[in-house]
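Please read them with the structure open.

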Amino acid sequence: MGFCVLGTGSALPERAVTNDELSEFLDTSDEWISQRTGISERRLCTTETLDDLAVAASRVALEAAGVTPDQLDLIVCSTTSGDHLMPAEACAVAELLGASCPAFDVSAACAGFVFAMDVADGYLSRGRAERVLVVAAEKVSRLVDWSDRATCVLFGDGAAAAVLGAGGENPLSVRLTTDPTVEVLHVPGVPGTSPYDKTDRPEPHLAMEGRRVFKFGVNAIVTSVTELCEEAGVSVDDVDHFVFHQANERILSSAVSRLGIDDAKVARALAETGNISSACIPLALDRLARSGSLERGQLVALVGFGAGLDTGACLLRW
Ligand code: ACO
């Protein structure tokens with residue numbers, strides 16, 4: 001027994017920040033950012049907390065699913081940028097929704113939504129839960145160094161959610177991998193004032209080796225799609241929609257040409273949102289569902305990749 005997706009939802013901060021606005025305080029330009037990344041603008045939190053965004057996305061998904069908070073058996077939140085180091089972001093979502101089910105977070109960076117779905121599937125498939133809210137919420141703007149043009153221009157804030165119900169054949173196939181390589185992409189440093197702690201305390205800012213991440217991302221998409229389809233016994237051409245992590249337009253287009261797939265099947269939200277880490281995949285999925293182009297019975301491949309280096313991918317029948 002597997003799961004089906006009952007409804008999706010998303011929420012973005014109100015403030016849109018264009019590339020031109022960033023060039024007012026950074027040595028950058030709309031031309032550089034657009035050409036190298038495909039990003040035109042991103043939404044950044046001003047007065048919104050991550051709790052606000054996470055619960056707003058969750059409410060929309062619950063409404064689409066026709067599920068009330070008291071009917072939830074579990075809430076799993078994917079985040080690496082929660083409002084609280086503890087408790088879990090999922091606990092804040094539960095409190096604001098008025099739900100009383102178990103709630104905890106999954107931390108798998110940009111691949112986190114698919115990892116969280118896989119955790120939810122464990123509960124649904126074993127009969128431990130009937131309805132699970134999976135929400136990915138990220139305030140990446142709090143993790144980047146706003147004087148580093150090589151990283152801060154890439155990211156945005158946002159949240160998106162899906163309500164999963166027991167029954168159904170999903171996932172048709174799943175691929176979770178970790179190639180443990182922390183320094184390639186990480187946010188070092190956590191607060192603390194222990195007089196006994198003699199370890200280094202680097203600034204808590206996102207650091208990455210962009211070109212290594214680029215190659216890893218393309219390979220993660222190509223390998224995952226190939227293996228997901230092989231495992232499910234379908235051809236890559238049978239897949240109706242591809243929802244990949246939205247890190248860089250050039251990663252998407254390289255993967256499209258290596259896989260030889262129809263570019264029109266690849267969901268894109270990057271230009272208006274930037275990279276919102278684990279919220280990218282459910283947000284693109286929600287937009288696809290609301291556009292009316294995602295029909296029941298169609299095949300959808302999700303591939304997330306990011307720090308870890310983690311890859312989380314699955315093939316779903318909608
Ligand atoms: N504006 C203007 N110039 C810039 C900027 C900027 N915002 N950022 C970097 N540059 C400059 C660099 O300083 C460098 O200048 P130099 O040649 O004088 O030294 C030049 O542009 C080229 O820099 P590179 O880092 O080599 O540029 P590259 O073509 O590799 O593009 C990028 C950088 C966009 C980060 C690319 O490597 C990439 O997309 N990598 C994937 C990483 C990624 O997407 N990370 C997101 C988070 S990870 C994730 O979600 C999984």
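**Notes on the model**

1. Helices (H or I, at least four residues) and strands (E, at least two) are DSSP runs, numbered from the N terminus. An unreviewed UniProt entry annotates this span, 104–179, as "domain: Beta-ketoacyl-[acyl-carrier-protein] synthase III N-terminal". UniProt positions follow the numbering used here, feature names are shortened, and annotations may be inferred rather than shown by experiment.

2. This is a predicted model: local features need pLDDT of at least 70, side-chain atom pairs count only at pLDDT 80 or more, and totals for chains, interfaces and linings use all residues. Residues are numbered from 1 along each chain as its sequence is written.

3. The unreviewed UniProt entry also lists residues 229–318 as "domain: Beta-ketoacyl-[acyl-carrier-protein] synthase III C-terminal". That span is 34% helix and 22% strand, with its end C-alpha atoms 15 Å apart.

4. The chain has 10 helices and 13 strands. Its radius of gyration is 19 Å, close to the 20 Å that the globule rule gives for 318 residues, so the chain is as compact as a globular protein of that length. The radius is taken over C-alpha atoms, and the rule is 2.2 Å times the number of residues to the power 0.38. The C-alpha trace spans about 50 × 45 × 35 Å along its principal axes.

5. Of the 318 residues, 51% are buried. A residue is buried if 20 or more other C-beta atoms lie within 10 Å of its own, exposed if 12 or fewer, and partly exposed in between, with C-beta atoms placed from the backbone. Among contacts with a separation of 6 or more, 76% join residues 24 or more positions apart. Contact means that the C-beta atoms of two residues, placed from the backbone, lie within 7 Å.

6. The domain assignment gives domain 1 (3–166) and domain 2 (173–317); such bounds come from an automatic or database domain assignment. The two centres, taken over C-alpha atoms, are 14 Å apart. Across the interface, 43 residues of domain 1 are in contact with 40 residues of domain 2. On the side of domain 1 that touches domain 2, the elements giving two or more residues include strand E1 (3–11), helix H5 (112–125) and strand E7 (157–166). The residues on this side divide into 23 nonpolar, 13 polar and 7 charged. Here Ala, Val, Leu, Ile, Met, Phe, Trp, Tyr, Cys and Pro count as nonpolar, Asp, Glu, Lys and Arg as charged, and the others, Gly among them, as polar.

7. The unreviewed UniProt entry places "active site" at Cys110, His245 and Asn275. These positions are spread over 166 residues of sequence but cluster in space, the largest C-alpha distance being 9.0 Å.

8. His245 lies in the loop between strand E11 (241–244) and H8. His245 is buried, with 31 other C-beta atoms within 10 Å. Beyond neighbours within four places in sequence, His245 has contacts that include Cys110, Cys280 and Gly306.

9. Asn275 lies in the loop between helix H9 (270–273) and helix H10 (280–291). With 22 other C-beta atoms within 10 Å, Asn275 is buried. Leaving aside neighbours within four places in sequence, the residues in contact with Asn275 include Leu154, Ala247 and Cys280.

10. Arg250 and Gln35 are 215 residues apart in sequence, with their C-alpha atoms 8.8 Å apart.
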